[in-house]
Amino acid sequence: MYISSLSIRNYRNFKNSKLVFNKGINSVIGENGSGKSNAFHALRLMIDDSLPRSTKFYESDFNRKLGSWFGHWIIISIEFSELDIVEEIQALSNHSTGIMDGSAKGRYTLYFRPKFDFRKKLFEYSQEKDKSKEEFESLLCTLSIDDYESVYRGRGTVDFENNEDYKRYVGDFEEIVFPDPENKQDDVFGVKLPHGISIPSEVSCTYVKALRDVESDLRSFHRNPLVNLLRGQEKTVKIEEKDAILKNIDDLNAKISNLKEVKKINIGVERSIEEAVGSTYSPNIEIKSELPNEMDKLFQSLNLWVGDPDQEGYKGKLWELSLGGANLIYLSLKLLEYERVKSGDRVANFLLIEEPEAHIHTHIQKTLFNNLPKNRTQVIISTHSTHISSVSKIGSMNILSRSKKESVVFNPSNELKSKEIQRLERYLDAVRSNLLFAKGILLVEGDAELILIPAMFKKVLGITLDEIGISVVNICSTGFENIARIFDSKRIQRPCAIITDSDKSILPLSKDSSADSDEEKACRNSQESGISRIARLDEFSNGNPYIQPFYADYTFEVDFVLNSNEYEIKKVIKDIYVRKADIIRVCKKIDSDEVAVRGKEVLRLANKIGKGWFAILIEGRLVYNTYIPEYILKAIAFASPHIRNNTLRTMAEYRLRQISEGGESESQEQASKMLKKNNAGQLKIEDILSEYKTVFAEDQLTEFMLYL
């Protein structure tokens, strides 16, 4: 038995979401604030017996996208697959969907809903002929959170992720249509579990919270996992051993209490009190040693003494360890606690680990994930670590993403074939897995693009691609399609721009290929490969709004120099050559009006020292008016639909400063005027962007905003 899905409706970040799980280890990944902790809490409400069954929700627990929470329901539902045949679990099984043959499914649902009387009022009002929106809103406003109830049900058949089902069985708030609560519809909502059966008591669930302040937990009596492990162990100590230990403790307490130093302080305290209040009112006191003389309290007083692995022979208090070391100890204790709790009489074992990566370095993160228990256990781990996500299986991954007032859930392997999933999993190492966290993705084919595209954007527009949530991923020799296919309406709904070369020949080619020189033959072959690549990528992306390819006319280096970037290239030439004659000769070719001459020379330079190193040299020579090739600027715009006006304003302010300091005289004057008005608070965001596009119509920022 395992959890195959978790559906959440109207709870905190989640307006209407469904997470899908498999057997074994599952991961929930996402940026900060995407709802990972809330998803875990929703799951724990269903299966963790350390949380109270009388769940209390508040107004703030309703999803803010509802606008008004009055009358709406919070619904949390888990679906179990491969249910056991034991009587307790058959209480969950929906027999109408299958027999108990090992593939049976069952649903367990928590409803936080208005109590019966108010649901009856909603139904009765919805039957009135002259009902109005105003009266309906007034009726809803009479509802308070105390008029709600929490109920758990098993065997429900409806997944309220479906909006039409929500309107039908909960209510249509727009059309003011509500069902009669007299009709219990147990086949829809499920039934009460038989008396004495509680799902949290039938399964084992261990929750390891995010490792942010484990030191306080390890000091705490109630939250210390070591105390939990030791609890009850005193019962197994042999009677003769227990009696001997307790007698020794009693003797030790007596010896400490009778020390002359202790007695001296005891007499001093007595005299001080008598002098203060007199002998009539002074209490009798005695300073006594109180080392625990009960076995359970003795066990609870035990503490870990630890040492770093490179300090052999030394052990000290836990707080002397680094934060990472303390976190490792805490995790180990929780995993051991889980192994102790897990037992054969539980029908399923669940281990929930929330963001274990804090203060733990890369190798330990990966090792931890790979060594998590898998036998008879379902593990669900949340993370925003690229290292953990890189070793996670795409087929067992849910990606949470922040949207407007809600979180959305993506399943990157949905409807992919097993071979396609395997290719993705082999590809996603810690460097490339950051595409799972990005708001937009640029897939590039080489080191030069990986180095220069982010550098150009920063130098020209004043902010980094990281600031706008864009990841640039070098696919190297991996086909674009192998990676890009995860961006789809059925999988990850984020824009992915493919940036590649058309490989158009820089040499003029005749129609007769038989007369080609070796150089012309190489150019013709590259051009034909480029035509084939364009056709393949256009067909692959056709109809998918989340993928779009963008092509250089020639190659990245050639298009860079053809976009009036001779200045940067000529600066780099001086880093490559020492002799003045060589520098003049190469610079002359870079200045040529012929593509064949200029393009051939820039490719020769790139190949001479390596394209990656050539890009690094160019990076150091970029200026604010370096021209970003149009196809690259369009690709970034495609990947950035989420950019807000305040970000564009930051870019505009940067451009104005640069132009006012280094532009042509007329441009400098215009930029200075706009900056003064902006700094004086005379321009709203919309005003400065509108004026910028008018005054600097040919500027790259204006082009970028138009592409957006």
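User: What makes the sheet β15-β14-β16-β17 an open one?

Analyst: In this predicted model, 4 strands line up in the order β15-β14-β16-β17, with parallel pairing. β15 (470–474) and β17 (547–552) stand at the edges with a single partner strand each, so one side of each has no neighbour in the sheet. Neighbouring strands are turned by 20° against each other on average, direction ignored.

User: How do you know that β16 and β17 pair?

Analyst: Pairing takes at least two bridges between two strands. Strand β16 (residues 496–501) and β17 pair over 6 bridges, in the parallel sense. Therefore they count as paired. At residue level, Ile 499 has Phe 550 in β17 as its bridge partner. Helix α19 (residues 518–541) lies across β16 and β17 and runs at about 160° to β17.

User: Why is the contact between Lys 439 and Glu 31 called a salt bridge?

Analyst: The cut-off is 4 Å between a side-chain nitrogen of Lys or Arg and a carboxyl oxygen of Asp or Glu. For Lys 439 and Glu 31 the N to O distance is 3.6 Å, so the pair qualifies. The two residues are 408 residues apart: Lys 439 is in the loop between α16 (418–427) and β14 (440–444), and Glu 31 is in the loop between β3 (25–30) and α1 (36–47). The structure holds 36 salt bridges.

User: What makes Arg 113 and Glu 149 a salt bridge, and is each buried or partly exposed?

Analyst: Their side chains meet at 3.0 Å, N to O. That is within 4 Å, so the pair qualifies. Arg 113 lies in strand β5 (residues 105–114) and Glu 149 in strand β6 (residues 148–154), so the pair ties together parts 36 residues apart in sequence. Arg 113 is buried, with a relative accessible area of 10%. Glu 149, at 22%, counts as partly exposed.

User: Which residues touch the most other members of the largest nonpolar core?

Analyst: Leu 442, Ile 453, Ile 569 and Phe 704 do, out of 74 residues. Helix α17 (residues 447–461) gives the most to this core, with 8 residues. Leaving out residues up to four places away in sequence, Phe 704 touches residues including Phe 457, Leu 633 and Met 651. Another core, of 53 residues, lies apart from it, with Ile 78 and Leu 140 among its residues.

Methods:
Residues numbered from 1 in each chain as written. Predicted model: local features only at pLDDT ≥ 70, side-chain atom pairs only at ≥ 80, totals over all residues. Heavy atoms only, no water. Axes fitted to C-alpha atoms, helices over the stretch in contact; angles between N-to-C directions. Contact = heavy atoms within 4.5 Å. Core = buried A, V, L, I, M, F, W, Y, C linked by side-chain atoms within 4.5 Å. Buried < 20%, exposed > 50% of the residue type's maximum accessible area, 1.4 Å probe, protein only.
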